[in-house]
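Let's take a walk through this one together, a stop at a time.

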Number of protein chains: 2
Amino acid sequence: MTTARGGRRAAPAEGHAPVSVPDEATLAALDAQWRAANYLSVGQIYLLANPLLTEPLRREHIKPRLLGHWGTTPGLNLVHAHLNRAIVERDLDALCVWGPGHGGPAPLANAWLDGSYTDTYPDVTRDAAGMARLFRQFSFPGGVPSHVAPQTPGSIHEGGELGYSLAHAYGAACDNPDLLVACVIGDGEAETGPLAASWHANKFLDPVHDGTVLPILHLNGYKIANPALLARIPEPELDQLLRGYGHDPLYVGGDQPAEVHRELAAALDTALDRIADLRWAAREQGVRARPRWPMIVLRTPKGFTGPAEVDGLPVEGTWRAHQIPLADPRGNPAHLRQLTEWLRSYRPAELFDEAGRPTAAVLAGLPTGERRLGANPHANGGLLLRELPLPPLAECAVEVTAPGAGSHEPTRVLGGLLARVMAATAERRDFRLVGPDETASNRLQAVYQATDKVWQTAILPVDEHLAHEGRVMEVLSEHLCQGWLEGYLLTGRHGLFSSYEAFAHIVGSMAGQHVKWLRTARRLPWRRPIASLNYLLTSHVWRQDHNGFSHQDPGFVDQLLNKAPEVVRVYLPPDSNTLLAVADHVLRSRDYVNVVVAGKQPCFDWLDLDAARAHCAAGAGIWEWAGTENGAGGSGEPDVVLACAGDVPTQEVLAAADLLRRHLPELAVRVVNVVDIARLMAPEDHPHGLSDRDYHALFTRDRPVVFAYHGYPWLIHRLTYHRDNHPQLHVRGYLEEGSTTTPFDMVVRNDLDRYRLVMDVIDRVPGLDVRAARLRQRMAEVRYRHGRWVTEHGADLPEVADWRWGALP
Amino acid sequence: MTTARGGRRAAPAEGHAPVSVPDEATLAALDAQWRAANYLSVGQIYLLANPLLTEPLRREHIKPRLLGHWGTTPGLNLVHAHLNRAIVERDLDALCVWGPGHGGPAPLANAWLDGSYTDTYPDVTRDAAGMARLFRQFSFPGGVPSHVAPQTPGSIHEGGELGYSLAHAYGAACDNPDLLVACVIGDGEAETGPLAASWHANKFLDPVHDGTVLPILHLNGYKIANPALLARIPEPELDQLLRGYGHDPLYVGGDQPAEVHRELAAALDTALDRIADLRWAAREQGVRARPRWPMIVLRTPKGFTGPAEVDGLPVEGTWRAHQIPLADPRGNPAHLRQLTEWLRSYRPAELFDEAGRPTAAVLAGLPTGERRLGANPHANGGLLLRELPLPPLAECAVEVTAPGAGSHEPTRVLGGLLARVMAATAERRDFRLVGPDETASNRLQAVYQATDKVWQTAILPVDEHLAHEGRVMEVLSEHLCQGWLEGYLLTGRHGLFSSYEAFAHIVGSMAGQHVKWLRTARRLPWRRPIASLNYLLTSHVWRQDHNGFSHQDPGFVDQLLNKAPEVVRVYLPPDSNTLLAVADHVLRSRDYVNVVVAGKQPCFDWLDLDAARAHCAAGAGIWEWAGTENGAGGSGEPDVVLACAGDVPTQEVLAAADLLRRHLPELAVRVVNVVDIARLMAPEDHPHGLSDRDYHALFTRDRPVVFAYHGYPWLIHRLTYHRDNHPQLHVRGYLEEGSTTTPFDMVVRNDLDRYRLVMDVIDRVPGLDVRAARLRQRMAEVRYRHGRWVTEHGADLPEVADWRWGALP
């Protein structure tokens, strides 16, 4: 296994017979494919014209600005050619996740070769004209990105921000028992945290119901400017690491193409044979032990087959091969000459006919139809997506005889809905719940009536709800949860991510990338809509009673609202039935990232199911029963609007409305609740934005609005600054004041409490009388008394705890 | 090494003699300490009064709401007691990073025991009254958090958001050659990506110049509701994993206290002996091979020594021990009885005298003075902080004969400053640069004149700037970079994190937590100010020419501006000299998180050093030379304000001002540049906020303002919505439109280009004549022509590329 560098052989594992090496004709076909893909890759990086080198290369054939990356590309082309052989020989249903950054040229080249590119983009024909287009468009204005991207056929993984390839691969493999998901992991990417955590995803892959991930760790040795860690540690240490991750690694390495072909072909055959054996053992023989899945370590030079030296400095096999090995072929005749030699070294005349079409030698080894990596329907998941069987909401809803008469834990009620979805998908297996060890903590545990938490290592008698085939995925890594779910959705299934609100920020960057993916994919007609990525953010900022300041961060919403409005949706249902109505909507939706913020603590039930549905469909509405405008002033505009978004702000606004009704009954108060936060935006800024007319119908054109918002108050200002009544808008929200304290103390510390809201109203409505001034004074006194009471008793004032809507005279 | 569970022994490594086990008296003292800390921990979770159980425990002695976590605590107490022994016996200079979540009670208990708590908080005396305070304040309103937090003496690590302990520990160890940083890693936390990546930090620790990290992986088996992965994989697999990470693990485990004490004491002695040997070899013998540092795997039951069963269900050793094992001692007499037994099981009468003071048996084994873990000055880094030796800026500044006459790459100029700082700290070693493989890509490579990149594994002849003792830390993990730097700063040193702007989001959550830490620490008088955490965000949104959409995200600033304004500072220097002036300021500052956004591409030099200093000190100012208000209208207000923040927007605004000067010379245009974005805020919202008067002096009270901003445009609205002239404010910025394209095409796609800005001005200034209308038409035509030109030529229009300020008539 560890002979000299360049001479490693794939060692047969114990109990496995050695695999025979493919014959010379097969190897020659492999090499032709690889050379063709390498030629097409270099062409994409450099050429504006003269794609087949039918005339001597001149400076005007070279792109004016060279924006691309060669370093990782030949390695990806190598893997692609070998996967093609295995797909054809074994009729494999396979995907490949291309993890390394800047790998764009490789899958583009290969998709063009096998025709899937032309199938997707008919104007890029499989001939000289199309080759010229393929070259020109790469990393060119109006063209395609230099990374693997949504535009790349066969891809479910953006190659820009690194670290998520393996998690995506596992997500794709879940519940696709016949699928092989190869995953090329770059040695740079392998240094990231999310990737490092993802190695343990193999403890969650069920060999019976899931497909298989074949990690191919590509050690080309260098990142942008540094050696890669895993490429530099001694190989015995690397071997321990990979075995410690639970894999059975096969090693391939060298810098001689023929030798690498032989070894990689043998290693891939060994790996696929073992995978077949392990699947068979689990599925046919009932073996329950966690398999030691194979993986491949591929060690080839960075920029393999590219210029060995440029300007007297070594390039191939060093970090200098990362980007553009020959920097200036337009200006430097030596570079131009070297580029010509480089391109000719692939012997294009053997690879493409005079019309620029791939020759029979190249085409012979390529898969066809949906077996092509660029055309596998799993990589365009919308093709496979089925409607999620959602139960009638009435089965899950809570009964509401009067607003605030009862209370429930909203997420527990949602658990009932999710349990039904789990039960209804028990056979189809196309719905998963992911979360960082919080499903029960977030009170969704009803799902365990229908499924379990997936777990492939030892299960002890004391454990509960663990099973090999469970569809709840819990691991204490938000990154892994997010990556799994993305991979699962992108391959045409459904799911939900439940998280502590604050810790959604951990995957803020991943979420932003997924929005970018969807925004781009929506503009590609061939990409079919996929199920939305749904977040349930609970255990939220206002109820961190025993976690305190570090667990308080409602800013995930702010971050996502910076992203493409055609993709981002944010909902703050104020009670159990509205949460059900929102969940029903988001689980049916397509191509969105939906953020649902809801509490897990007991919360008054305000709306019955019908009212909840209507309210959520409107997204924002007047709660007439809670205000006084009709009883008092008649048909005119109210004196003040009390608006709210989020469960705790809604409770405080209703308590404030209650106080005002009792103590200043002649004040016409309107209560507005906002569920869909984008309603506040202008219609030109978000598809859900209310017109000015509808906005003013809710919030008035000129009356004071006191808005109690769940998160950072300035978000509401940023969404509404252009509205006519914005100068009248006063927002309360989270001000980064918090600790381990009582729920009511939290709202007091952040000036979001009922007493403060009453004071805000009194301060803003002109012409109130002395009774109002006295009420204001009384409110200030209660707040002060509350503060002392809390620190003395560790509890909220009894009158706060005992408050019920409408219960007091 | 792997006998039956509970009977593992620390295996002596090859070449090491077995370590003798401490004598029985020492073990008894250890156990007394542990029991005392456990007693104090249970007391914190449960007791409101009667701390010494001087009377029978009654319901009113119990806290009304139980908010704390027992599960991880006895393990942390165990490690603390054993570290104490080692510190005393070896006179160790040691810190401990307490990684597991919810571990707050443990370091609080131990700090109270050794007196460091009372030294820090004199009202919490080391007697019965103080013990009562210690108990009451824990996770109580007005008290202290349930996690390890800034309030905890001896801590540099918040135990709330998980995954950063090991990175913090390595940061603390860097450049502290005599320091031992023990790091307890929870088995939950170990599942996170950042922690998984941090294991490889040992490849960056220089055995000569750095201290040592001793990881203690605490496998107590369970998280909130699930088994922990690393606790459930077979021990040989775990051993391979840890050896694969480069460690030499020692195993300790059991559920019998006496046995665990013996084994842990022996393992700790073995580990410390090996560390001493490895340091000696590297420092005295010149051994250059990367050491295989020891680590300890500690396997004890979750909730060790707590109730074995409650209500007929197993608790100790299961996930049920995670939080409050006895849920209702106030309401359930059986729980109250069990709590009494539990507390008495520690035999408090042996541990505390009648006055509640720790007995001699407990005190005997405790370190004193600064050797106490609760009092080590490294954990209150401001005590050790020295002024950073910054060079005179004139040494680094670029010469500016006239605005826009020359151009430089700002970050390359900054590199000159950083190189001088590196040189000036060569002996002191208290400045580090961290970044994800981007120092050279971000054009800071001048630092390599003064130091190298630290690297402890193989260095090949082809490598450049790698060395064992380098102080540039590059690894492709933003998490690790951030964690290192936090640990380094919190222990009293200086540093800078350079990152691609978009990928700072990867550590958005960590940055938010660090702001929270600083915000809390600033309010604690005993925490001395530390150096600010400085971000250089470069390779920014406008210049992702070859990376495209996935690399475009200017939202890190938005996220941080949601956080405590007393901590967060954001600067957008528009050229090289302003970047120097800002860098000089942020490197001198304390207790802030400074975000500096600056380009690495050639950028016109607008200000000479003196003007740059003055401009940056003001934070925002009128660039009179760029506007026309004085030349045209005289002393009145301008017709329009063109404002800008960021290098690319500044260039476009100046080009627009240039166009207006030439084509509409009678229009009085004011150009305002903003460096310090918080200047836009109200003084009550941010310490840097301008008064309304000063704000209006820049932006006028009623004239149209066209603001070209570097990031998302609504951020400017959110910062200024309360200003009188906000209705006149029109902001251009990044609209999530981008791809691999030319720099100028990027600004066109996002409506931030000079032509669009001229059109914006014409659209907003009332009463302009027909010449203005014609100019507007011409601008629209140029934009259209530009779009076609770009897709045809892959380049910007020549007139764009050739533009120079003031160069045209």
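Predicted model: local features only at pLDDT ≥ 70, side-chain atom pairs only at ≥ 80, totals over all residues.

Helices here are DSSP runs of H or I with at least four residues, strands are runs of E with at least two, and both are numbered from the N terminus. Residues are numbered from 1 along each chain as its sequence is written, and chains are lettered from A and ligands numbered from 1 in the order in which they are written.

Start with helix α2 of chain A, residues 73-90. Is α2(A) mostly covered or mostly open? Mostly covered: 15 of its 18 residues are buried. Buried means that 20 or more other C-beta atoms lie within 10 Å of a residue's own; 12 or fewer makes it exposed, anything in between partly exposed, and the C-beta atoms are placed from the backbone. After α2(A) comes A:Asp91, with a positive phi near 50°.

Over in chain B, look at how helix α2 (residues 73-90) meets helix α10 (residues 257-284). They pack at an angle of about 50°, with their axes 10 Å apart. The axes are lines fitted to C-alpha atoms, for helices over the stretch in contact, and angles run from 0 to 180 degrees between N-to-C directions. That is why α2(B) and α10(B) are oblique to each other: under 35 degrees would be roughly parallel, over 145 roughly antiparallel and 65 to 115 roughly perpendicular, with the rest called oblique. The contact involves B:Leu78, B:His82, B:Arg85, B:Ala86 and B:Arg90 from α2(B), against B:Leu264, B:Ala265, B:Leu268 and B:Leu272 from α10(B). Two residues are in contact when their C-beta atoms, placed from the backbone, lie within 7 Å.

Helix α1 of chain B (residues 24-46) also packs on α10(B), at an angle of about 110° and with the axes 10 Å apart. That makes α1(B) roughly perpendicular to α10(B). Here B:Leu27, B:Leu30 and B:Asp31 of α1(B) touch B:Pro257, B:His261, B:Arg262 and B:Ala265 of α10(B).

Where do the two chains touch? In all, 98 residues of chain B are in contact with 99 residues of chain A. Among the helices that each supply at least two residues to chain B's side are α7 (193-198), α9 (235-244) and α16 (508-522). The largest share, 7 residues, comes from α9(B). Several residues of α9(B) are buried, including B:Leu238, B:Leu241 and B:Leu242. Their cover includes α9 (235-244) of chain A, together with α8, β4 (248-253) and β5 (294-299) of chain B. α9(B) is followed by B:Gly246, whose phi is positive, near 100°.

Now for the interior. A nonpolar core is a set of buried Ala, Val, Leu, Ile, Met, Phe, Trp, Tyr and Cys residues joined through C-beta atoms within 7 Å. The largest one has 539 residues, and those with the most contacts inside it are A:Leu642 and B:Leu642. Leaving aside neighbours within four places in sequence, A:Leu642 is in contact with A:Val653, A:Ala656, A:Ala657, A:Val669, A:Val671, A:Val706, A:Leu757 and A:Val761.

Some of those names come back where helix α20 (residues 647-663) and helix α24 (residues 754-764) of chain A pack at about 60°, their axes 8 Å apart. α20(A) and α24(A) are therefore oblique to each other. Among the residues making the contact are A:Val653 and A:Ala656 of α20(A), and A:Leu757 and A:Val761 of α24(A).

A:Glu736, with phi of about 60°, is in the loop between β22 (729-732) and α23 (743-749) of chain A. A:Glu736 is buried, since 22 other C-beta atoms lie within 10 Å. B:His102, with phi near 60°, is in the loop between β1 (93-98) and α3 (105-114) of chain B. B:His102 counts as buried because it has 28 C-beta neighbours inside 10 Å.
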